[in-house]
Amino acid sequence: MTLKLTQGCLRSMKQLSSHMIAPLCGLVFAVFLGLFISALADGMNGLRIKDGWSRETTAGARVGGGYLTVMNHGQVPDRLLAVRAEHAGMSEVHTMAMQDDVMVMRPVEEPLLIEPGAILELRPGGLHLMFMQLNQQHVAGEMLDIVLVFERAGELDATLEVLSMRDSMDRMRNSGDHMGHGDQASHDKNGGANDDHNDESHSHK
Amino acid sequence: MMGNWRRVLWLGILAAVMAVAIAGYVVNRSNQQQASTAPVLGSAFSLIDSDGAAITEAAFFGRPTVLFFGFTQCPEICPVSLFEISTLMDELGPEKRDLQAFFISVDPERDSPAVMGEYIAPFGENIRGITGPLSAIETLAQSWGVYIKKVPIDDGDYTVDHTASVFLVDRHGQFRGTIAYRENHQIALDKLRLLASL
């Protein structure tokens, strides 16, 4: 097709002056190139995982938390089905909320949906990765390799940087976590419920 | 003449006695009012500390005390709260005086004294763990108005919903206030400084 187009252009060039037709041909090429790239990108997953971190654990700890951000740059929605980590006997996505000073933590009931253009944030005070039956301590400065399993994108590797307690406190303060803003209820709702993520994603459409 | 002086003397003594009686009544009354308005929290208990030694409510008297209920299989609130308490105590420096902290397990079935000891060790020697029979822990938690609920999750595992406030108790065993989870650092520091000075 590209060849035919080129021949067409060459033929036209014989009839019209070349300095007028050359920019036109360039434009057509650019449009085709753009379509080709976007078609290629559509075939690949548009998920990007970033800012993965975890808190160091003490020797006696049997559990650890993990936080990260997933951005959907693709054209299709996806769902986070599972998390796997070799350093833990069991890994899940959990939600946490403070209700009248009571800490309530649960595994998420449904896989988290990430609409195109949406950002899924797992951060302190809300959604988090929960590593249970740890067979290895989270040591500050080390990297934890994990796998996130998505419905469409499949298995994606991710790494979590283990932060010291002090650094993790700074990260919590600076990242604008769900706590400590005096409006915990609304923040927790956003961070904790799958339905709210759907709403959030729709608003990006 | 002598009779008048004697009368004055007797009246004086009578007035003094009455003044003492009235003052005593007023002081007593205000004490009672104080006692009745201050919340009465806590109960007698007999549990085990993270060193494996017996511990009773006597540990909360004589020193200003910080109490926190939690468990070791908790990924965020418990380590963050313990770290905050330990950091605040360090920051108080000499103003810390004899301030002490206790981490009371709401999951004593998994939190043995040894598990707790290992878990809290990095947070410094000012924090001790308390664990023991579940029923005794439940009674103690209830006396502090602390909610505890064991919630099953996947694969037979469970988590524990629990009140995450930090309780401040003065050296007379009197409840003085709380520090909320992720409370402003400076305010929390001021609260602890005040508690230590009482």
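**Exercise 1. Work out what share of chain A's contacts join residues at least 24 apart, among those between residues at least 6 apart in sequence.**

Start with the cut-off: a contact means heavy atoms within 4.5 Å. Then keep the chain A pairs at least 6 apart in sequence; 68% of these contacts join residues at least 24 apart.

Some ground rules: this is a predicted model, where local features need pLDDT of at least 70, side-chain atom pairs count only at pLDDT 80 or more, and totals for chains, interfaces and linings use all residues. Residues are numbered from 1 along each chain as its sequence is written, chains are lettered from A in the order in which they are written, and side-chain values use heavy atoms, leaving out hydrogens and water.

**Exercise 2. Find the disulfide and describe its geometry.**

Look for cysteine sulfur atoms within 2.5 Å, the cut-off for a disulfide. Over all chains there is 1, and it joins B:C74 to B:C78 with S to S at 2.5 Å. Finally, both B:C74 and B:C78 are buried, meaning under 20% relative accessible area with a 1.4 Å probe, protein chains only.

**Exercise 3. Pick apart the largest nonpolar core.**

Such a core is a set of buried Ala, Val, Leu, Ile, Met, Phe, Trp, Tyr and Cys residues joined through side-chain atoms within 4.5 Å. The largest has 67 residues, and B:W144 and B:F60 are among those touching the most other members. Now zoom in on B:W144: its contacts include B:L41, B:F60, B:F167 and B:F175. Apart from this core lies another, of 26 residues, including A:V70 and A:L122.

Terms used. Buried < 20%, exposed > 50% of the residue type's maximum accessible area, 1.4 Å probe, protein only. Lists of a residue's contacts leave out its neighbours within four places in sequence.
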